[in-house]
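Me: Got a model to go through with you. Can we start with the chain contacts and then move to a ligand?

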Amino acid sequence: MPETKLPKPDLAPPLLSVRNLSVRFGQGNAEIGAVSDVSFTIARSATVGLVGESGSGKSVTSLAITRLFPKSAKAVIDGAIEFRGRDLVTMPEGDLRSIRGAGISYVFQDPLSALNPVRRCGEQVAESIRIHEGNIDRGQVHARVVQIFERLGLPRSRAIYDSYPHELSGGMRQRVMIAMALACKPALLVADEPTTALDVIVQKQIVDLLRDAVREFDTSLLFISHDLALVASLADEIVVMRDGKVVEYGMTDQVARNPTDPYTQQLWKAIPTLQAPPRAPLGARRPGGTSSGNDLLKVTDVRHSFVRGKGRTTAPFALDDVSLSAREGETICVIGESGSGKSTLARCVAGLIAPDSGSILFNGHELVGATAKTWGTVRRDIQMVFQDPYASLNPRMKVADLVTEGLLINRISSAKADLRHQAIELLEMVGLKASHGDRYPHQFSGGQRQRIAIARALALRPKLLICDEPVTSLDVSVRAQIVQLLMDIQNAEGLTYLFITHDIALARQIADRAVVMKQGRVVEAGEATHVIDRPTQDYTKALRAAVPDMPAAFERHPLPQALRHASRP
Amino acid sequence: MSHATSLPLRPQPQSPSKARPINLRLLIPAGLLGVIVVIACLAPWISPYGPNSQDLSARLLPPLWQAGGSTKHLLGTDDLGRDILTRIMYGARVSLSIGAIAVICRMVSGVLIGLVAGYFGGPLLTFFMRLGDVQLALPTLVLAIGVIAALGPSTSNVILVLAITGWVLYARLVVSQVIVVRRQDYIASAQLLGASHCRIIFKHLLPNIIPSVIVFASLDLGLMMLTEGSLSFLGLGVQPPEPSWGGMAAGGRALISTAWWIATLPGAALVVTVALVNVLGEQLRDRLDPRLDATRSA
Amino acid sequence: ATGGRAQGASNGVACGSGQPVSVNLLWPTQPNTLDPNYDTLVMFAQISRNMFNGLFKLDDSMTLQPDLAVSYSQPDALTYEIELRKDVVFHDGSPFTSADVVATFDRIVKDQKLASKQRSYVSNIKSVTPKGDHAVNFVLKQPDSSFLKSLATIIYITPRSVIDKVGNVEFGKKPVGTGPFKLDSWTMGDSVVLTANCDYHGDKPIPSKVEFRFIAEPATQISSLQSGEIDIATQVTSDLTAALKSSRDVAVQSIDGNQTFWLSMNTKEGPFADPRVRQALNYAIDRTAIARQLLGGFATPVGQVYSKSVFGYTKAVSPYPFDPDKAKALLREAGYDSSRPLKIEFYNFRAELNPVQQSIASFLSDVGIKVTTRFDPNYFVDTWQSGKMGRGQVIIRSNNNLLMDADFALGLELDGTRRGMYFSSPETDAAIAKARGESDRNARQAAYDALNKTLYNLAPVTFLYSTDGIYGVSTRVDWKPRPDGAIYLANVTKRR
Amino acid sequence: MRSRFINRLAFSVLVMLGVSAITFLLMFLAGDPAALLASEDATAAEVEAIRKAYGFDRPIVVQYLDWLWHAVQGDLGVSYQSRRPALELILHALPNTLLLIACALALSVSTGVIVGVLAATFRGSRFDRLVITGSVFVQSLPSFWLGIVMILIFSATLRLLPTSGFRGPSYLILPAVTLATFQVGTFARMVRSSMLEVLDSDFVRTARAKGASAGSIVFGHALPNAALPIITVVGLELGGLYGGAVVTETVFGWPGVNTLALSAITSRDMPVIQAFVLVVGILVVITNLVIDMLYTILDPRTRGAR
Ligand SMILES: Nc1ncnc2c1ncn2[C@@H]1O[C@H](COP(=O)(O)OP(=O)(O)OP(=O)(O)O)[C@@H](O)[C@H]1O
Ligand SMILES: Nc1ncnc2c1ncn2[C@@H]1O[C@H](COP(=O)(O)OP(=O)(O)OP(=O)(O)O)[C@@H](O)[C@H]1O
Ligand SMILES: [Mg+2]
Ligand SMILES: [Mg+2]
Ligand code: NI
């Protein structure tokens, strides 16, 4: 398909050309240069992908095109942005307004906050039409909106016209957003991470929808994402950004086949694929170590509901008869989309939530309904690493105190000097420096914070480490490092991981066994490679299908297995 | 992949220890307030008059700048010939100390209740929140009228009224924050390490909510001083001859057309002091807790 | 003695033809009832006396005159036979008879729900019996020469039929009397408006309407007077007369009043049991400075508990001089000095007296007494009145001598057989009773002269001063204040 | 929505019960009610008779239930002062207070909204800074002082406006302005900050991306969303105003419930105080209920919930 569409037709001028764009925020000392010297062009009917990690300037670039910054940001835009031959940078606000929505329109990341909560969805789309086409007949507008809804595959489009945003699911909201953007048949559609807030499976539907819609409405598309694989599966051309600058720009093929920039190369490497070889079996990983083969953790028929009071029998269950078991030294991955109950399971096992019924047997101790005394003996053996390292470290404690808090609480050590010594040891174990101990968490990057969180959990030498999506909130480029760190620690210490993820490709690379969950139920469980490579359930198949296809060109040049090569910093 | 949370366009709230360096906007009101406190403390040594020493032959002298004013009484005298400036200086003691004591009482009780109720939740939380609703159904001044009608007017009853009407606001603030903070993973993480409730409450929850409490308290201080002034003005608070700004204003009200300075000058002192306190509170808010927009009601 | 028939000489002006007159009652609280026999406050009476009549009244020279009575006779010291007018009708048209008189007194004494505060003024009455439709007999428990004055100034006759029908509460809202004016409207918290009662048995009222305003703010009262909103401002404070003097439309009128102030204390125990301490207090206060300066000359220092316009006042007893040295000496004699100072708690229950209280406190401190001042609006009810006044406590008291008779103040304050809760001695009690029972005017005055001298030396209270009644009066209004502070409006004329 | 309303109603009744208990207890804090009722020189026996007549000799719980039962029927006892039903006295003065509050609120809400919206729209401008400083200043003004100063200026010096009582619309001006001043500060800040928050929100960006005009963004998108927190604050302030007007009423001699209650303090007329506290409590509860319902109607998110 890419071969038929030449990315840079030399004759016709491009629809949009951005030259030497730079954007600065604020004034004086507080000035922040967000984007500098960015150039790219978008041809008619072409799809351009914009990739980069968080904060790299993707959104700023896209908003700069029609100057959509809030007034308070005090944005200063330099360079030239030409749309159909007119310079948008110098264009007065009034003229620009007629281009917004009709010439260039936007789909934003989080459709819940991007839609006005107190107005009906249909009205919001209709407003878009009315702004640009004047006072046309109400009924006519209504009909058009319903028609667009139908074309975008929204069921019961008339009812949706009268719904408020909060009454729709995430995917439906995003379709409304897309309908609003397409209502005036814009020449260019800018989609800023339109799928990031959505579930894996819905995500795929929306990407497919966008791909079709762009073709059907014959518009160009600027697709922004942090997910290189996703962009590559959609775009004709790719722009890679880092720290506000373009580091790589070219045809998708070329960027995939011959990435010139080291960062782009690193991004490629960091993508777990379903094709990569799985992990070595348990017995082979630890030199001299053999698994006892005993179940360290055995969860049987655990059930939990957050809905209390009457109607308990029909209440929606966050966990519905979940069973699994983990042998010593093993990694067991729990996979499932958002809301499937993964975190609830993790919290039940950790003792943060008391499940309604079932049994959790840990190292021979029954944890469901356990007494304080039982917990006293088991407590330190089960630790957890949380998804968001920004929220899992008390911002008002120094790193050294955070890391050794467990030692203090459990009276393993209370001498100052000893604690300090232990802190240094722990920090070094996770690849940080001793001097980091005197800082506060906010002085660290996300990846570093996650290392601190791991050190904190490991201080008590637990037998079971629960990792609840430990890399999901991190940038793509550091994800691999953290995963590698966890694997290395496991190899060295022989502890057991209950690893939670929604990323089936990642699970395939690290898990010994996998459990797939959907709506609080286990739908499939077994050997990781078995479950993931040869799924028997539709749900698992859908999860698998949602992993973006690698461009053909890329597959011809397999890169070394990501995890093995990522090293400690 | 998904779920990489993108940065919001709005700048993230500043972390407290990363706060901008102290600047003049904070220093100037703080300095002026300091001057007022010093004057209040040193009043007996600054003024040649006692707060209650009368001089019937020097009644109703106008301030210095008006015809008939005298350098002996810079701001004039009241109907008993007492020096207004002296009484204003002594009045600062009453206003500031009652304000501060009331705020401390409200804050300590409210924060403790809020922490414990918010942390444990359940019936305890329900009980205190319902009690708070009942409490809030009775505006401060209404309850003050009720309680003072029953117990009689006095300084300690004023503080009592201010304390019992105030804990709810602090408790609500703390509960709302505790409920947020409690859900943070670092609380779960501390639980996993085996931390006791006490440790979690005082080591993990309290330090994370204390900035907003301090900001709220600083704004509350101004309100308390106004309320004390109002109660004293109504004759329900500090009793004459003890010089309180509200009481002085009430005493001079009848003479407003003949001796305007008796009623207005003490009130002006209150305005200035409360304005300084409020400016300071605003600055603290900007610095410590930019999101807190506590609604204040009299 | 016999009284003449009260005969209103016709004044030649048509009833209700005059301009409406507006009087402000400077009242910190509002009237909650217009029932004339509930309270004893002067304020209540100002309205009541224009709507009701007593059996007697005091004329402008404070002499007793019959009102609803025609005449009376006194067969013995305890019995009064009073004949009533036959031409009187209440505002509702019902005739006034002796049954109304009997019911009025019965209600005051017996109606527990009403709990009339006038009860103590009728407690000396043993019985009230009708003698036919238009005469009644009063029998007293003890001889009392001021008895008829109390019928003239405190007790108003209410219609039995109306009260029986509507009850106390409703009657308090819509009172029905015999007076020259009847109720027109009552706007709570703002004003009471009365209209001329052209069926009145006496001189026909001149103003078409009279209005009693309730402006509580002295300054507002003055500005309302200046703007012509009201015609008569009562209880003007001395400091505000300056503001009035500058304006041409308004005049300040003052008259020796019937209100006297003193400090009351418990002389039965504690420091004030020693007469030297009580005298020291009297010497310590510069009442002349207070009267001249704080009260702008609208007050007169006294050495008695009544003012000079009151019957029983002794001219020869002059006030204590201001002599701080003597005060200190007396205190030293009594055993108090700087190492062991006299400590007193000085109470005030009326906010408007705060300046005076503070001024007195300052004088007392100057002679080395440690004074703690307290304001407690409930002190009078909770402590003083219930007899719980502690050692070393002092309260500032005042008395409006409604009866214009020395016995009134003595009975409330110093007569151990009546209310003298904090001072009494067999000698003074006997002297008070003797003066009270004396029916001859001169003999009575002589008895009071002797008594006043004794009381001056005993100093059972700290004597202060009596105040003038000060009024702001529109120059368009023809009205003169009276020593007893009563405001009668039936004869007032007002120019346009 | 129905069940939500019923829920709130039940909850309000609960709060009212709490208020009633507090109200009743006030009476017993005050000391012996029979002694208060008695005349100045009543004897112990007379006091006892009054105690019997009014039923003060029964156990406290019985008295509370009895009092509550009467209260529900609108009988809050009889004023010690006037012997008139306390509730009647309060309800008689209530319209004046409500009128004053309504005027003040209309004044402060309209000014606050206009000023706040303008300040938020021109964020960072000189006007904005003026609004911020102005509202801090205004919130530092004690109403007794503001009232006195206004009397000094407008009545004593300029002789433009009457100062005391209520005999016509011009009497309303000074008290309403005094009462509104503090609120204007609160509202202006509140409107400004919630407008700023909304103006920075994603959906406003969406509206701008559609090409909507500035006016339609402020009034069509931002204000309806900013209105929600504003309504809450207005409700809170209104609750505070019922009793908070006491200073203003006193300064201007306004014949409202607050001056009535204040004067009842002097005579410790507890039934009147009780009626006052109870009526204000009920008003606050009703206000909260109404605000809550309004909120529900205006915000589709709470409306749709279950
Ligand atoms: N504290 C809570 N109160 C009520 N419901 C909850 C709570 N926590 C989770 N739930 C509900 O329980 C279900 C499972 O949630 P859970 O957090 O376990 O999902 P998850 O698989 O971890 O999702 P994600 O991938 O988004 O983290 C969801 O429907 C969620 O709405
Ligand atoms: N209004 C603003 N004021 C100041 N700085 C801003 C503003 N908006 C963005 N920035 C800064 O500009 C830089 C680029 O931000 P941008 O939102 O474009 O990143 P992004 O690539 O879209 O990231 P993400 O993947 O998280 O959405 C960041 O450092 C950000 O902090
Ligand atoms: Mg972005
Ligand atoms: Mg989760
Ligand atoms: Ni992802």
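**Interface and ligand site**

Reply: The area buried between chain B and chain D is about 4,100 Å², and carbon and sulfur atoms give 77% of that. Buried area is the accessible area (1.4 Å probe) that two parts lose on being put together, summed over both. This is a predicted model: local features need pLDDT of at least 70, side-chain atom pairs count only at pLDDT 80 or more, and totals for chains, interfaces and linings use all residues. Residues are numbered from 1 along each chain as written, chains are lettered from A and ligands numbered from 1 in written order, and side-chain values use heavy atoms, without hydrogens and water.

Me: How many salt bridges between chain B and chain D?

Reply: One. B:E282 and D:R189 form it through their side chains, at 2.8 Å, N to O. The cut-off is a side-chain nitrogen of Lys or Arg within 4 Å of a carboxyl oxygen of Asp or Glu.

Me: Which helix of chain B gives the most to the side that touches chain D?

Reply: Helix 9, with 13 residues. Helices are DSSP runs (H or I, at least four residues), numbered from the N terminus.

Me: New topic. Which residues are closest to ligand 2?

Reply: A:S54, A:G55, A:K58, A:S59 and A:V60, out of 16 that surround ligand 2 (a heavy atom within 4 Å).

Me: Why call the site shared?

Reply: Because the residues around ligand 2 come from chains A and B.

Me: What sits 2.6 Å from a ligand 2 oxygen?

Reply: An N or O atom in the side chain of A:S54. For A:V60, a polar backbone atom is 2.8 Å from a ligand 2 oxygen.

Conventions:
Helices (H or I, at least four residues) and strands (E, at least two) are DSSP runs, numbered from the N terminus. A polar contact is a pair of N or O atoms within 3.5 Å; within protein, one must be able to donate a hydrogen and the other to accept it, and residues adjacent in sequence count only if both atoms are side-chain atoms.
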